[in-house]
Amino acid sequence: MDKLPRTTEVAIIGGGVIGLAVARALALRGVRDVLVIERDRLGAESSGAAAGMLAPQAEADSADEFFHLCRGSRDLYPVFAAELLEETGIDIQLETTGTLYLGLNEEDVKELDLRYDWQSKAGLSVERLSSESARKLEPSISESVLMALRFPLDTQVENRRLIEALAASNQNRGVHLATDTSVNSVTLARGRISGLETSRGFVATERIVIAAGAWSSLLTASDESGVLPPDSALPALGIEPVRGQMLCFDSNPAIFSHVVYSPRAYVVPRRDGRLLAGSTTEHVGFDKQVTAEGVGSIHAAAMEISPGIGSLALKESWAGLRPRTPDGLPVLGAYAEIEGLFYAIGHYRNGILLAPITGELIADAVVDGATPGSLNAFAPERFAPVCVR
Ligand SMILES: Cc1cc2nc3c(=O)[nH]c(=O)nc-3n(C[C@H](O)[C@H](O)[C@H](O)COP(=O)(O)OP(=O)(O)OC[C@H]3O[C@@H](n4cnc5c(N)ncnc54)[C@H](O)[C@@H]3O)c2cc1C
């Protein structure tokens with residue numbers, strides 16, 4: 001195991017897709033001394049459990065700030081994927097086939113028609129397909145399909161390859177990746193960041209980015225000047241773990257070319273013949289078990305999309321914990337009350353999608369102190385601030 005540096009310019013807590021994307025963006029801006037601290041292996045949690053869909057349009061019902069953030073990040077992906085391939089030789093398998101969203105009953109059709117209306121009026125790329133056209137595109141979908149929407153620009157990546165590529169890119173750029181190392185607390189001196197207590201000793205730093213996913217609210221702070229009581233919580237709390245279970249089928253030869261959604265499930269075909277099906281939305285704390293009920297409900301909803309899934313071999317199943325804030329939106333940027341503290345948390349169902357833009361925005365905030373007004377909806381201060389002075 002590499003020696004842990006005793007001092008660093010910027011420390012990032014969490015080696016999921018968000019921590020790694022932020023680290024790479026900082027290195028690209030010339031920050032020489034970046035340390036990522038991950039208590040397990042890189043991508044061990046939600047980032048490795050995800051389905052990898054980049055689908056801002058498929059589930060959006062209005063063009064709010066969050067939609068613009070998601071769409072902006074999706075549109076960064078072609079360059080992001082090409083750069084990662086060039087830097088590391090790892091292809092993150094950015095697909096370009098698009099996403100198909102099925103209407104399987106009258107309620108679904110009503111919902112999809114509204115989505116089609118606002119998105120086509122807004123000039124977004126969306127197609128309304130009859131059941132025949134949908135089945136021509138994807139012959140394995142259910143014969144009961146009534147209509148479908150196709151989102152040609154909503155795509156997917158292989159998120160586990162994305163983690164590998166980000167790790168390799170960071171290593172090439174001299175970022176220090178410390179795995180199997182836990183952050184126990186963040187230390188402050190006179191209301192400013194002064195370092196981190198870790199399972200391998202103290203690291204002095206003036207800037208910390210919290211990217212600890214569903215565990216972000218468990219981090220505590222200790223104040224060397226004694227202003228804060230010992231083990232007090234850091235601000236911007238309220239991150240809750242939301243369990244999502246996933247099934248993985250053997251589907252060789254592939255039965256789908258698109259990512260296919262219904263309002264009750266999605267299926268994601270991978271290039272290697274795996275077919276992922278998800279997911280559940282469960283508020284069960286930090287419990288990552290796969291349950292019989294979860295498997296049953298995903299299986300049933302996936303078979304509604306395509307009865308053929310019933311005859312595929314189930315290869316694997318897993319669960320991950322999505323990091324959710326009380327309003328469901330991410331927390332991005334500097335926390336004004338504590339100098340040197342930045343948040344990149346709460347990406348909930350869209351952390352893979354939002355990784356490239358989060359990297360850019362947080363690097364801007366750390367390096368230039370820049371936080372565009374368009375990010376107000378995601379400011380840490382919208383949650384009860386803690387006054388440390
Ligand atoms: C079933 C499922 C399907 C999903 N599908 C999609 C999808 O299709 N598209 C999409 O965009 N998103 C999807 N998501 C959401 C996405 O996975 C998350 O939003 C994203 O992975 C969050 O990334 P993160 O880096 O913030 O968190 P994580 O990947 O959880 O990383 C946080 C890391 O911090 C580490 N950590 C925590 N505490 C400490 C500590 N004290 N010290 C050191 N390290 C610590 C953890 O070990 C962990 O590795 C899905 C999620 C699930 C569960």
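Select Arg115 and Glu111 to begin with, whose side chains meet in a salt bridge (a side-chain nitrogen of Lys or Arg within 4 Å of a carboxyl oxygen of Asp or Glu), with 3.0 Å from N to O. Both residues lie in helix 4 (residues 106–121), four residues apart, which is about one turn of the helix; helices (H or I, at least four residues) and strands (E, at least two) are DSSP runs, numbered from the N terminus. Arg115 is buried, with a relative accessible area of 2%, whereas Glu111 is partly exposed at 31%; buried means under 20% relative accessible area, exposed over 50%, and partly exposed in between, with a 1.4 Å probe and protein chains only.

Before moving on, please note that this is a predicted model, in which local features need pLDDT of at least 70 and side-chain atom pairs count only at pLDDT 80 or more, while totals for chains, interfaces and linings use all residues. Residues are numbered from 1 along each chain as its sequence is written, and side-chain values use heavy atoms, with hydrogens and water left out.

Next, select Arg274 and Glu158, another salt-bridged pair, with 2.6 Å from N to O. Arg274 lies in strand 18 (residues 274–278) and Glu158 in the loop between strand 7 (155–156) and helix 6, so the pair ties together parts that are 116 residues apart in sequence. Arg274 is buried at 13% relative accessible area, and Glu158 also counts as buried, at 7%.

Now colour helix 3 (residues 65–88) and helix 6 (residues 159–172), which pack at an angle of about 60 degrees with their axes 9 Å apart. The axes are lines fitted to C-alpha atoms, for helices over the stretch in contact, and angles run from 0 to 180 degrees between N-to-C directions. To see the contact (heavy atoms within 4.5 Å), show Tyr77, Phe80, Leu84, Glu87 and Thr88 of helix 3 together with Leu162, Ala165, Leu166, Ala168, Ser169 and Asn172 of helix 6.

Glu87 is partly exposed, with a relative accessible area of 23%, while Arg24 is buried at 4%.

Finally, select Arg24, Glu83, Glu87 and Arg173, which are linked in a network of salt bridges; the structure holds 26 salt bridges.
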